[in-house]
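The report that follows describes a predicted model.

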2 protein chains.
Amino acid sequence: MPVGTQGTIKGQLPDSIAATGSQCILANTYHLMLRPGEETVSQLGELHRFMGWRGPILTDSGGFQVFSLSDINKIDDEGVTFKSQIDGSIIHLTPARSIAVQNKLGADIIMCFDECPESTAPRDVQERAVERTIRWAKICREAHSRPDAQSLFGIVQGGLHVDLRLACAEKLIGLDFPGYAVGGLAVGEGFDNMLKVLDGVVGALPADKPRYLMGVGYPRDLVEAVARGIDMFDCTLPTRNGRNANAWTPGGQIRLKNAKFARDDRPVEEGCDCVCCRQFTRGAIRHFFMADEMLGPILLSLHNVRFYQRLMSDVRASIEAGRFEAFRTTDPRAVLGAGIRQAD
Amino acid sequence: MPVGTQGTIKGQLPDSIAATGSQCILANTYHLMLRPGEETVSQLGELHRFMGWRGPILTDSGGFQVFSLSDINKIDDEGVTFKSQIDGSIIHLTPARSIAVQNKLGADIIMCFDECPESTAPRDVQERAVERTIRWAKICREAHSRPDAQSLFGIVQGGLHVDLRLACAEKLIGLDFPGYAVGGLAVGEGFDNMLKVLDGVVGALPADKPRYLMGVGYPRDLVEAVARGIDMFDCTLPTRNGRNANAWTPGGQIRLKNAKFARDDRPVEEGCDCVCCRQFTRGAIRHFFMADEMLGPILLSLHNVRFYQRLMSDVRASIEAGRFEAFRTTDPRAVLGAGIRQAD
């Protein structure tokens with residue numbers, strides 16, 4: 001799922017995103033709650049009309065942003081008090097309030113409000129976070145006023161402790177959510193630690209319901225998480241990389257501001273069917289970045305989203321054809337991780 | 001013609017611009033010569049490939065920008081010496097050099113290098129400018145190395161002096177260009193003065209060749225110039241207005257940053273078929289501007305270009321139907337001028 005934090009995937013018309021093969025997109029409750037506010041979004045026809053997007057939309061709970069972005073004043077069993085990054089006002093976010101906001105925003109999939117400590121935080125911190133996450137999940141379930149229109153997913157926390165993760169999953173499964181997410185990963189614990197958690201936890205989540213790994217990740221992360229049973233991902237990487245002039249190719253990322261591309265008349269990725277690769281040369285895209293033209297970020301974001309969607313489409317096709325193991329071990333994209341390799 | 005100064009209509013994919021009904025687009029020789037340089041554009045497949053645009057492209061000569069934007073060191077009969085706004089280097093632009101650059105850029109229509117004084121400059125300044133413009137037009141015509149691929153238009157100068165304009169036009173017509181432009185207007189002389197010049201000059205330009213009024217303008221300007229025989233226009237107004245949150249409607253411009261639009265669930269212009277009006281509410285667009293999202297400028301630029309293209313399409317239809325005079329005197333858009341009227 002490409003990420004449209006403030007109700008827009010930065011610089012993109014909805015038709016351009018649809019043309020990449022994207023089906024579901026994400027918007028952030030935290031940002032939209034602060035600006036323009038959920039009442040405004042509701043009055044303007046809810047998120048589908050607001051974003052001009054006909055396909056499915058998912059909103060997160062605001063929990064991750066509150067813990068990672070904001071100036072937190074207080075966390076207790078009731079919720080979190082923090083200072084708005086827009087106008088400095090003091091805001092109290094509780095599980096019930098997060099759900100009320102998400103009910104107003106009107107996405108198709110909404111998320112429970114969870115406590116997200118650092119994945120490497122000590123065990124006692126993780127234990128308390130799991131306890132709160134479970135207590136809050138119950139409150140969210142009860143507060144949810146539109147269960148027929150919006151699917152509320154539970155979020156498994158527990159840091160790097162598989163036993164805590166499994167205990168959290170068991171309690172959430174007891175609440176019978178229509179989908180389950182693994183949260184609190186890809187926040188600095190490293191690739192191997194993330195895989196260890198997935199190895200231990202994903203199998204415990206119902207196979208007949210969507211399993212969603214939040215905020216992940218690099219192509220390698222996606223392929224290896226799929227191998228462990230994950231169905232859904234969201235990440236800002238393709239669009240953020242694109243805005244920063246980095247384009248994904250099967251051989252690694254290339255940095256379009258690099259002078260060597262100034263007169264390169266090839267597309268970003270040979271054979272790619274995206275509008276960027278069909279219509280523009282590397283040299284022209286480099287010029288747009290050097291001249292501070294919006295078209296540079298727009299084109300590379302689109303290419304990167306298409307790169308990711310083609311990767312996932314190829315992953316699905318390989319599963320259906322019974323050759324995912326071969327794909328995982330031989331496709332050049334399956335090794336593209338945090339250590340960015342420059343192609344060419 | 002929408003304007004793509006640096007090789008891109010700011011924030012727009014080519015398909016989005018094509019969907020507004022735009023056929024010919026403009027790029028600026030001055031900017032592209034300085035960055036990325038005409039050799040680079042040439043090597044990247046010339047402007048059509050560089051901009052991803054299959055329709056016609058027009059480049060100006062660089063003259064207007066040299067006179068209006070740059071730090072001029074010297075003007076003489078040979079050309080202009082100025083300091084690059086990109087890197088401060090000293091650049092000498094002559095008629096022959098302008099044409100050589102435009103031959104490299106590869107647009108379908110290219111323009112003679114002219115001297116553009118202020119329209120209100122004294123008569124002796126205008127006389128000298130006309131002399132140089134004519135001398136330079138001859139040089140341009142001889143320097144033009146791709147007459148079969150690129151149509152070179154002459155530019156009529158002469159400020160507000162109709163006799164100078166007519167003398168200039170006569171000399172240029174003697175050089176037999178495939179099209180003629182009226183330059184040096186819409187630069188502060190006022191609506192009535194502009195019309196006086198057009199009244200006196202346009203009829204002297206061949207009716208069987210395109211007559212192009214450069215850098216104009218407001219809807220009213222376009223309609224009144226058409227009434228006087230003008231066929232072609234370019235202007236940055238639709239896109240610049242859009243980037244500044246101002247949207248054209250038949251009742252005047254509306255400023256989308258205005259708080260009154262925060263929960264306005266109507267489209268920018270009722271009944272408009274552009275992507276902005278079909279898919280987004282005024283309230284959502286206001287939010288994109290308040291949140292510094294690129295989508296705000298992108299959507300309003302598209303709407304404004306579509307507004308202008310629909311205006312011109314309606315003008316053409318009214319001419320073909322023999323009812324242009326009624327259109328000109330009764331259509332609400334025909335009075336929209338520099339005094340911006342807020343609709344609603």
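## Domains of chain A

The contact between them draws on twelve residues from domain 1 of chain A and 14 residues from domain 2 of chain A. On the side of domain 1 of chain A that touches domain 2 of chain A, α1 (14-18) and α10 (219-227) of chain A each supply at least two residues, and the largest share, six residues, comes from α10(A). Sorted by class, that side of domain 1 of chain A has seven nonpolar, four polar and one charged residues.

## Sheet and nonpolar core

Chain A has an open sheet of seven strands with parallel pairing, in the order β1-β2-β6-β7-β8-β9-β10. The edges are taken by β1 (25-27) and β10 (232-233) of chain A, each of which has a single partner strand, so one side of each is left without a neighbour in the sheet. Within this order, β7 (residues 151-156) of chain A runs parallel to β8 (residues 180-182) of chain A and is joined to that strand by three bridges; A:I155 stands opposite A:A181 in β8(A).

The largest nonpolar core has 214 residues, of which A:F153 and B:F153 touch the most other members. When neighbours within four places in sequence are left aside, the contacts of B:F153 are B:I109, B:M111, B:C112, B:F177, B:P178, B:G179, B:Y180, B:A181 and B:Y212.

## Two covered helices of chain B

Helix α13 (residues 282-290) of chain B is largely enclosed by the rest of the structure, because eight of its nine residues are buried. The buried residues of α13(B) are B:R282, B:G283, B:A284, B:I285, B:R286, B:H287, B:F288 and B:F289. What covers them includes elements of both chains, namely α3 (38-43) and α4 (46-51) of chain A together with α14 (295-320) of chain B. After α13(B) comes B:D292, whose phi is positive, near 55 degrees.

Helix α6 (residues 95-105) of chain B is mostly covered as well, with eight of its eleven residues buried. In α6(B), the buried residues are B:P95, B:S98, B:I99, B:V101, B:Q102, B:N103, B:K104 and B:L105. Just after α6(B), B:G106 has a positive phi of about 85 degrees.

## How the two chains meet

Between the chains, 34 residues of chain A are in contact with 34 residues of chain B. On the side of chain A that touches chain B, two or more residues come from each of α1, α3, α4, α12 (275-279), α13 (282-290) and α14 (295-320) of chain A. The largest share of that side, five residues, is given by α13(A). By class, the side of chain A that touches chain B has 15 nonpolar, 13 polar and six charged residues.

Two copies of a chain are related by a rotation about an axis and a shift along it. Here chain A is superposed on chain B, with an RMSD of 0.0 Å, by a rotation of 180 degrees with 0.0 Å of shift along its axis. That is the relation of a two-fold axis. Of the interface residues of chain A, 100% are also interface residues in chain B, so the copies meet through the same surface.

Terms used:
Residues are numbered from 1 along each chain as its sequence is written. Chains are lettered from A and ligands numbered from 1 in the order in which they are written. This is a predicted model: local features need pLDDT of at least 70, side-chain atom pairs count only at pLDDT 80 or more; totals for chains, interfaces and linings use all residues. A residue is buried if 20 or more other C-beta atoms lie within 10 Å of its own, exposed if 12 or fewer, and partly exposed in between; C-beta atoms are placed from the backbone. Helices (H or I, at least four residues) and strands (E, at least two) are DSSP runs, numbered from the N terminus. Two residues are in contact if their C-beta atoms, placed from the backbone, lie within 7 Å. Copies are superposed by least squares on the C-alpha atoms of residues with pLDDT of at least 70 in both. Ala, Val, Leu, Ile, Met, Phe, Trp, Tyr, Cys and Pro count as nonpolar, Asp, Glu, Lys and Arg as charged, and the others, Gly among them, as polar. A nonpolar core is a set of buried Ala, Val, Leu, Ile, Met, Phe, Trp, Tyr and Cys residues joined through C-beta atoms within 7 Å. Two strands pair if DSSP finds at least two bridges between them.
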